[in-house]
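Subject: The structure I promised you

Hello,

Here is the structure we talked about, together with some notes on what turned up in it. Please open it beside this email and look up each residue as you read.

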Amino acid sequence: MSFIYNIGIGILRFGLKCASLFNEKIKKGVVGRQNSFKVLKNHLNSGDKTLWFHCASLGEYEQGLPVFKELRKRYKQHKIVLSFFSPSGYEIRKNSPIADIVVYLPLDSKKLSKRFVNLLNPELSVFVKYDIWPNFLNELKRKKCRAILISAAFRKNQPYFKFYGKALRRALFTFEHIFTQNDVSKALLKSINYNDVTVSGDTRFDRVFSQLELNNDLPFIETFKDDKLCVVAGSTWPEDENLLIDYINSSNHKNVKFIIAPHNIKPSQINNIQEKLNVTSVLYSKKDDKQLASAQVFIIDTIGILSKVYSYANIAYVGGAMGHTGLHNTLEPAVFGVPIIIGPNHQKFPEANAMININGMFSISNQESFNTILNELIQNKEKRLSCGKNCSDYIQKNKGAVIQIIDYLRI
């Protein structure tokens with residue numbers, strides 16, 4: 001199985017090189033991986049003490065961030081290396097303040113993993129959620145370097161729990177401890193005789209809860225909102241935006257403001273939204289040239305401020321579940337105590353299912369159901385506040401994973 005896995009890595013390497021000729025995002029990853037060793041050599045000395053944090057992409061980085069921050073505070077003499085597999089993580093967080101060095105993770109061949117680990121020689125490695133690479137992990141174990149997996153979430157149909165998953169299953173046993181999000185994951189690990197497990201919960205709850213401690217003021221949003229009820233639609237895709245545009249164009253709620261933060265902020269997509277709207281809209285990029293208070297729709301054509309924008313929401317819509325791209329982060333608006341509307345494809349997102357069950361979130365499947373629930377939440381203040389409180393209570397109840405992880409670690 002290990003032989004087959006390594007052959008697969010070789011095929012992946014060839015495939016990515018070919019695909020990079022036609023895809024700019026893949027090209028960034030290929031070029032970035034080629035530069036990783038040079039970056040490490042230029043910034044690490046033989047006597048440096050290091051910690052290694054690895055994330056697949058941006059979502060896993062945000063998930064691991066509260067743990068990373070605590071380790072950064074506790075181990076100030078260590079150099080921290082942060083690695084990403086995906087360009088969407090690296091490009092946005094390549095200047096992350098929690099790391100001294102940020103690189104792309106090389107592909108998981110035996111040769112490259114040995115070279116990478118020898119350069120880092122980390123006292124502790126922290127992997128987030130599911131990005132598990134056997135050769136890297138086996139090399140860490142061979143060198144007797146500590147490694148843990150945090151916010152792990154397993155499903156019974158994954159290769160770890162199948163007869164053909166021996167190589168991946170062996171990789172799990174290289175972790176000295178695994179912190180899972182739920183009891184189901186712990187039971188699955190136990191079924192393969194892995195027992196060094198703690199059900200700590202999802203570190204994302206700690207991550208979003210920490211947002212309440214930050215300054216979330218955005219004066220231009222205050223000017224736009226103008227003390228009116230505000231619906232914030234975050235991380236939207238075209239199928240989400242069609243619902244919103246139809247509602248806004250046909251709505252009699254002239255005193256309701258709408259903020260749309262599309263997932264895709266390419267000019268063509270932003271222009272498409274503006275052209276379809278029959279009401280006054282303003283772009284974030286042109287906010288200084290417009291009368292914000294007179295506009296009914298504010299379109300966020302930038303990245304990095306959505307978590308603060310949610311603090312101004314009275315009702316939130318989170319995109320991704322009307323189609324099959326994957327539901328985006330619903331915990332970010334939930335922490336601010338607002339009811340949330342999502343599409344129907346949320347089955348793989350336990351936090352969404354939980355908030356639906358406690359009447360804090362609502363799943364819609366078409367324009368009619370969207371209009372019905374949004375109208376109800378706009379018109380019924382008591383319901384709106386009650387459902388929002390259910391969401392914030394859910395966040396409060398489930399935070400605390402970081403404390404358990406940090407208490408376990410003793411470097």
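Let's begin with a pair of charged residues: R72 forms a salt bridge with D100, with their closest N and O atoms 3.2 Å apart. A salt bridge here is a side-chain nitrogen of Lys or Arg within 4 Å of a carboxyl oxygen of Asp or Glu. R72 lies in helix α3 and D100 in the loop between α4 (87-93) and β3, so the pair ties together parts that are 28 residues apart in sequence. Helices (H or I, at least four residues) and strands (E, at least two) are DSSP runs, numbered from the N terminus. R72 is buried, with a relative accessible area of 18%, while D100 is partly exposed at 41%. Buried means under 20% relative accessible area, exposed over 50%, and partly exposed in between (1.4 Å probe, protein chains only).

Before going on, a word about the source. This is a predicted model, in which local features need pLDDT of at least 70 and side-chain atom pairs count only at pLDDT 80 or more, while totals for chains, interfaces and linings use all residues. Residues are numbered from 1 along each chain as its sequence is written, and side-chain values use heavy atoms, with hydrogens and water left out.

Back to the charges. The structure holds 14 salt bridges. In helix α3 (residues 58-74), E70 and K73 sit three residues apart, about one turn of the helix, and their side chains meet in a salt bridge of 3.1 Å, N to O. E70 also meets R74 in a salt bridge, at 2.5 Å; these two are four residues apart in α3. An α-helix has 3.6 residues a turn, so residues three or four places apart point the same way. Elsewhere, E62, R93 and R207 are linked in a network of salt bridges.

Now for a charged residue without such a partner. D108 lies in the loop between β3 (101-104) and α5 (110-120). D108 is buried yet has no salt bridge, and the nearest side chain of opposite charge, K110, is 10 Å away. (Lys and Arg count as positive and Asp and Glu as negative; His and the chain ends are not counted.) The side chain of D108 does have a polar contact of 2.6 Å with that of Y5. A polar contact is a pair of N or O atoms within 3.5 Å; within protein, one must be able to donate a hydrogen and the other to accept it, and residues adjacent in sequence count only if both atoms are side-chain atoms.

How many disulfides are there? The count comes to zero, taking a disulfide as a pair of cysteine sulfur atoms within 2.5 Å. The sulfur of C145 is 18 Å from the closest cysteine sulfur, in C55, too far for a bond. C387 is in no disulfide either, as the nearest cysteine sulfur, that of C391, is 7.6 Å away.

Two backbone angles are worth a look as well. Most residues other than glycine have a negative phi. N121, however, has a positive phi near 45 degrees and is found in the loop between α5 and β4 (124-128). D227 has a positive phi near 65 degrees, and lies in the loop between α10 (219-225) and β8 (229-236).

Happy exploring!
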